[in-house]
Amino acid sequence: MTLPSHLWDMRWSMLGIGAAASLLLGHLGFREADGEAGPLTLLYRVLQLFMMGSGDVDVSVPWELQVARFLAPAVSAGAAVSAVLAIAHEQMDLLRVGRLRDHVIVCGLGEKGALLARSFRENGRPVVAIERDSANEFIEEVRLSGAYVIVGDAQREEVLRRAGAIRAGYLIAVCGSDGSNTEVAIQAEAMSENRERGALNCLAHTVDPRVCLLLRTKELSRRGTPSFRLDFFNVFESGARALLEEYPPFRLSGPTPGAAPRMVLVGFGLLGEALALQAARAWRDLRDDQRPLKVTIVDEKAEAKADATQERHRELDTVWELTALDMPPESAAAGVNEITGDSSDFDAPTVAYVCGGDDRSTLAAGLSLQNSLGNRRILVVLVLTRSEGVARLVSESGTKTEFENLRAFGLFDRALNADLLIRGTYETLAHAMHEEYVREQAAKGETRETNPSLKLWEDLPQNLKESNRAQASHIGEKLRSIDCTLVPIIDSDAWGFEFAPAEVEWLAEMEHVRWVAERERDSWVYAPGKKDIERKTSPDLQPWEDLTEEAREKDRVFIRGLPRFLAREGFQIVRLDGAGAPQARALGKADGSRTRVAGVADDG
């Protein structure tokens with residue numbers, strides 16, 4: 001490409017201006033040369049200029065016509081060259097895509113898709129973007145980031161094949177509607193049956209966090225396949241997770257001493273509710289007593305929204321304490337004393353999250369609130385759409401004394417981040433299960449020297465991470481085997497659910513057989529002694545009845561921890577037909593477990 005990139009991006013605008021100038025100048029020139037010609041005749045003559053018409057006239061050629069005679073054919077030639085280059089560019093992309101493996105496919109190049117494509121490219125991942133609109137403004141921007149772009153409808157199988165979906169590692173659907181994203185996932189799952197290795201991780205965006213949770217629950221509960229893993233994500237939920245990690249209302253690494261923590265939510269839409277829910281669930285796991293998390297809600301309909309949220313989440317009745325202030329977010333400063341209480345109050349809020357409406361109103365409400373706080377040491381976080389413009393100005397001003405307690409958070413930039421996005425349901429569960437495994441092994445005296453798997457999640461080899469993900473995706477299969485299923489959390493029993501001893505044994509054996517089948521597919525073999533990751537040998541690659549009690553206990557620990565892992569993510573295990581029957585069924589199944597578990601291994 002010979003043109004500088006900024007001129008190439010502007011080529012169609014420049015050609016449009018040139019065409020308009022040719023039409024205007026040609027019209028003026030022909031009219032001056034032949035004043036008796038009608039409007040249609042003049043238009044016909046001007047259009048001929050674009051097809052290399054001579055533009056000859058019987059009088060001296062006016063300067064306007066002289067310019068148009070050269071400009072119009074130049075515009076036509078420029079359009080033709082641009083079209084040819086665009087086609088050639090796409091064909092080259094297709095050739096390069098054919099050689100990619102484990103790449104990322106982003107379906108839909110709206111603002112979300114463009115941000116995701118750039119984020120994965122910044123992480124060094126090869127990216128193929130699919131966009132149905134050839135005139136989309138983000139196509140060239142994404143190409144400049146190093147991604148390949150295919151113009152087509154991602155809901156069609158042949159387009160996904162051209163993008164290399166059968167060899168990809170991740171496929172992310174952000175096409176603009178939940179229906180389109182679901183259709184992309186359906187097509188991708190059908191194609192994944194022919195994959196030679198690994199699973200295609202498909203993430204489909206859903207607008208409403210509540211719908212997103214329902215879809216996740218259904219997906220976790222259904223019978224999956226080793227070659228396809230579907231998850232759903234939501235910008236508000238992902239953004240809330242990132243926001244709490246960056247600006248937490250309490251210490252996230254352990255119990256918070258003293259009084260119960262307090263947080264303020266100025267604006268209680270989908271994002272505000274997601275923030276409150278995730279903070280409450282984190283607090284439930286961290287608190288060392290019965291202190292509730294205090295949440296003050298400032299919204300035009302705060303009381304009604306708070307009541308509806310509490311009704312939907314009765315499981316958190318003892319975990320949080322919601323206080324509603326019915327006032328518009330932009331008037332939050334007027335209720336600053338109600339928000340903060342006495343400035344000497346020991347349990348004054350630590351963080352106020354301003355997340356109501358558009359960026360302009362959020363900025364106004366946040367600045368007003370921050371000015372009204374005086375010397376109260378409360379952090380005010382403005383949740384803005386992007387980290388550019390106003391958000392950057394606020395962040396840069398945060399070092400100044402008058403703005404030292406003010407921060408800006410770009411929702412789209414942080415929620416649509418490659419690292420955060422792939423930490424979906426399966427990834428989060430896999431991460432939690434690995435941490436539990438590390439804690440259990442460390443308590444037994446194991447170290448990284450004696451057990452190379454005792455690493456931080458970020459430092460694990462990709463094959464071990466994938467093993468944990470596969471373990472998470474098999475949860476639905478296990479629960480079905482004892483006539484249990486998953487639902488969104490409905491009460492506090494989610495954390496207290498316990499499997500019967502026979503169920504623990506059955507599910508632990510089932511997990512072991514799944515793990516053995518997975519390892520054998522990855523060319524691991526049995527060998528006595530210590531596990532050797534380099535040589536792919538393990539002493540545990542043998543039937544359940546031949547395992548040591550210590551090796552069996554590893555699987556039992558995972559099974560016992562399942563209710564807690566799932567509750568953290570908003571899921572609850574329920575029995576399908578009563579509490580007493582499953583134990584008897586499990587005991588019966590245990591008698592014939594060799595046949596049943598072998599069947600699971602064959603399926604996996």
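User: How do I read a β-α-β unit, and which elements make one here?

Analyst: Follow the chain from one strand over a helix to a second strand; the crossover is right-handed if, with the strands pointing away from the viewer, that path runs clockwise. In this predicted model, β7, helix α11 (residues 270–286) and β8 make a right-handed β-α-β unit. Helices (H or I, at least four residues) and strands (E, at least two) are DSSP runs, numbered from the N terminus. Residues are numbered from 1 along each chain as its sequence is written. As this is a predicted model, local features need pLDDT of at least 70 and side-chain atom pairs count only at pLDDT 80 or more, while totals for chains, interfaces and linings use all residues; side-chain values use heavy atoms, with hydrogens and water left out.

User: Which strands does β7 pair with?

Analyst: Strands of a sheet pair through backbone hydrogen bonds, either parallel or antiparallel. Two strands count as a pair if DSSP finds at least two bridges between them. Here 5 bridges join β7 to strand β8 (residues 293–299), and the two run parallel. Another 4 bridges join β7 to strand β10 (residues 351–354), again in parallel. Look at Leu265: opposite this residue stand Ile297 in β8 and Tyr353 in β10.

User: Is β7 (residues 262–266) mostly covered or mostly open, and which way do its residues point?

Analyst: A residue is buried under 20% relative accessible area, exposed over 50% and partly exposed in between (1.4 Å probe, protein chains only). Strand β7 is mostly covered, with 5 of its 5 residues buried. Arg262, Val264 and Val266 point one way, while Met263 and Leu265 point the other way. For a contrast, go to Met92 in helix α4 (residues 63–97): Met92 is partly exposed because its relative accessible area is 39%.

User: In what order do the strands of the open sheet lie?

Analyst: Its 6 strands are paired in parallel, in the order β3-β2-β1-β4-β5-β6. The edge strands, β3 (148–151) and β6 (228–233), each pair on one side only. From one strand to the next, the twist averages 20°, using axes that are lines fitted to C-alpha atoms (for helices over the stretch in contact) and angles from 0 to 180 degrees between N-to-C directions. Inside this sheet, 4 bridges join β4 (residues 170–173) to β5 (residues 200–205), and Ala173 has Ala204 as its bridge partner in β5.

User: How many cavities are there, and what lines the largest?

Analyst: Rolling a probe the size of a water molecule over the atoms shows where empty space is left. On a 1 Å grid over the protein atoms alone, a cavity is a set of points where a 1.4 Å probe fits but cannot get out; a pocket is an open set with protein on both sides within 12 Å along at least five of seven lines, and lining residues have an atom within 4 Å of a point. The whole structure has 2 cavities of 30 Å³ or more. About 100 Å³ lies in the largest cavity, where volume is the space filled by probe spheres set on the points, joined across faces, edges and corners. Its lining includes Tyr170, Asn201, Arg229 and Glu427, and β5 gives the most, with 3 residues.

User: And what is the volume of the second largest pocket?

Analyst: That volume is about 950 Å³. Of its 37 lining residues, Tyr437, Trp515, Lys531, Asp540 and Lys554 are the closest to the centre. Helix α23 gives the most to this lining, with 7 residues.
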